[in-house]
Structure formats: C-alpha cells, structure tokens
Amino acid sequence: MATASIRMFRRLDGLFCVYKPPGVHWKHVRDGIETSLLKSINATPSQPLPQAVRFLADPGGNGGASELTLSAASVPVLANHPLVSGPEFQHVRVGVGHRLDAFSSGVLVLGVGNGNKALNDLYKTRVTRDYTLEGEFGIATDDFSHTGHVVERSTYGHITQDKLERVLAMLQGANQKALLTYSNIDMRSQEAYEMAVQGLLGPEGKSAPVLTGLRCIRFQPPHFTLEVQCLNETQKYLRKMLHEIGLELRSTAVCKGVRRTRDGPFTLQDALTRHHWTASDVMCAIQQHHSSKKSKKKMLPHTDQGLNYTTKGRE
C-alpha cells in the first residue's frame, strides 16, 4: 500500500511555472522549490508502525529470585520509524526550461517527475516567448545593462516615437526574412501555406535569435518600453538589441529591465510567486496545465476542419 508521501509525490508530476524575481539566479529558485517540495512530501503523516510480538520479562511474576517469568506483548517495530530510517524521500528533481539570467525576471517554466521529459518535448515545438524590455536613451555601458560600467553618454532630444517605430519596423522586417530563411521550406508550397495558417512556421532546430514581433508600448524620453516576441533568444541578445536600436537612432541606449511575460503556453497569470512555492500550490498549477492541454486537444478537430475547408477553397 502506497504511503501518503508516495501519493503526494505521484501528484507532483508535470509542468508548472513560477515568477523569478530580478537579482536572483535561476539555480537558487530551482533549489528553493526542490527544498520546499521535499519538506512537504516528508511532512505527510506516516503510516502506523507495524507491531511485533515480543516476550518481555514480567516484573509482577510469582517466581523466586532465580526464576524469570516471560509474558507476550505487542510492541512497535522501530526499524521503520523516520528517526531511525531517515526521511522517505531524499531528493526531488525539478527540471528548468528556458532559463533567465540573474538580471532578468518573469516566467520560468519548471518540470517535476515526468514533467522533466515534457520540458524537452515542449521546446521541440518552436514555442515563442514574449518579453517586456525597459530602456533608456543617452547612456551606453560595457554589458548593455544599466548596472554596467558607463562607456559613453549622448544626446537623445532628437529622438521621436515616429523615428523609433520606423527603426523597429525595419528590424522586424529583417527578422521576418530571416525566419523564412531558417524555415528551410519552399514558401510557394502548400505545406508552407498550411504551416503559416497554423502558426507553425519557424526555424528548423537551433538557429540564430529571431524576432517575430516588436512594438513600442511606452515612449517617455529618455525612457521607453518595448514588447518583443522571439525565438532562440538570450537575455543578453535582447539587451544588445536595445543598444543597437540606440545606435540606429544616432544615440545610445541601455537596458534597465528584462521581464519574460510568456513562455509558450505559460503566462504571468500562471506563474507562482515566492509565497506560493509550496507543494499544494504546485499540484494545483500542474493540474491546471493538464486541464488546459485537454481542452485544447478537444478544439483541434474543429481547427482541422476549418483548415481543410480553407485549403479546398484555394484549390
């Protein structure tokens, strides 16, 4: 019969996401969650200790001083006591998906149990990620972040939102061409059309970073905020991109913050904050992800019918 801790461990099986705060390494986040889950699993009520029959000396016996009277008694077997055998679980492995560096914050996808394998399967499906980038014109540093060593200061009064959006449009257009190049598929084929309809067009395997969307959502010079959708990116690449945007505008720019708002199907609304990195909240998050996957699978037949209808219309 499975113990309560084993039953809890079996329920901790799947994918979930947490909110990684800035200034914290992703390893510290993972280790903290592993410790919390392990503590919760081993804190479950243990099963009653098995009983064994032992013959014990009876102090109330009627025999003489040289005689020993034994009586049968049921006593617990202490060999299975946690203080003797140690905790039932010694380690819980939590896998990490697309990582965030210490400077960045936002959605960090994790897997526990079979979720570790699901992480590999998830990121073979060309999932895109969304970021919010906070930038500031007029400064350049050696690592493209506001905490780096300042190497240059420049003017920014000539920069307007219209000029910034023209540079963003040019950058996005170049990345759209790169996306088609990395896809390794004939753009005039029926396969390319069907993949584009389903949003599956993307680079084959590992490629250079590709921006699939880029827009300005706040412009208050010298500060500005960009919203980015991308593939195969790193946070350092995104910070460098802001630096290059500043150069295109005949100025300089530095990144003041990188926040991931979506990683594949996981969004900020799904992310567990620090006070909810507990076994019960993780189990709820895993169950919620399983439920959303089932609901999406039920919708797939309708999508396929609509796709077939569109394809026949083109023919």
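Let me start with helix α5: its buried residues pack against β6, β9, β10 and α7. Buried here means under 20% relative accessible area, exposed over 50%, and partly exposed in between, with a 1.4 Å probe and protein chains only. Helices (H or I, at least four residues) and strands (E, at least two) are DSSP runs, numbered from the N terminus.

Before going on, the provenance. This is a predicted model, in which local features need pLDDT of at least 70 and side-chain atom pairs count only at pLDDT 80 or more, while totals for chains, interfaces and linings use all residues. Residues are numbered from 1 along each chain as its sequence is written, and side-chain values use heavy atoms, with hydrogens and water left out.

Back to α5. The helix has 23 residues, and its first and last C-alpha atoms are 33 Å apart, close to the 33 Å expected at 1.5 Å a residue. That expected span is 1.5 Å times one less than the number of residues. Which residues of α5 are buried? They are Leu164, Val167, Leu168, Asn175, Leu179 and Ser183. As background, an α-helix has 3.6 residues a turn, so residues three or four places apart point the same way.

Next, the charged pairs. The structure holds 11 salt bridges, each being a side-chain nitrogen of Lys or Arg within 4 Å of a carboxyl oxygen of Asp or Glu.

One of them joins Asp101 and Arg239, at 2.9 Å from N to O. The two are 138 residues apart, with Asp101 in the loop between β4 (94-96) and β5 (105-112) and Arg239 in helix α7. Asp101 counts as partly exposed because its relative accessibility is 22%; Arg239, at 9%, is buried.

A second pair is Arg129 with Glu233, whose closest N and O atoms are 2.8 Å apart. This pair also links distant parts of the chain: Arg129 is in strand β6 and Glu233 in the loop between β10 and α7, 104 residues apart. Are Arg129 and Glu233 buried or exposed? Both are buried.

Arg218 lies in strand β9 and Glu134 in strand β6, so the bridge ties together parts 84 residues apart in sequence. Arg218 is partly exposed at 30% relative accessible area, and Glu134 is partly exposed at 28%. Salt bridges with shared partners also join Arg129, Glu233, Arg260 and Asp263 into one network.

Finally, the whole chain. The protein chain has eight helices and 12 strands, and 38% of its 315 residues are buried. Taking contact as heavy atoms within 4.5 Å, 71% of contacts between residues at least 6 apart in sequence join residues at least 24 apart. The chain exposes about 18300 Å², of which carbon and sulfur atoms supply 54%; areas come from the Shrake-Rupley method with a 1.4 Å probe, and for residues only the protein chains shown count as cover.
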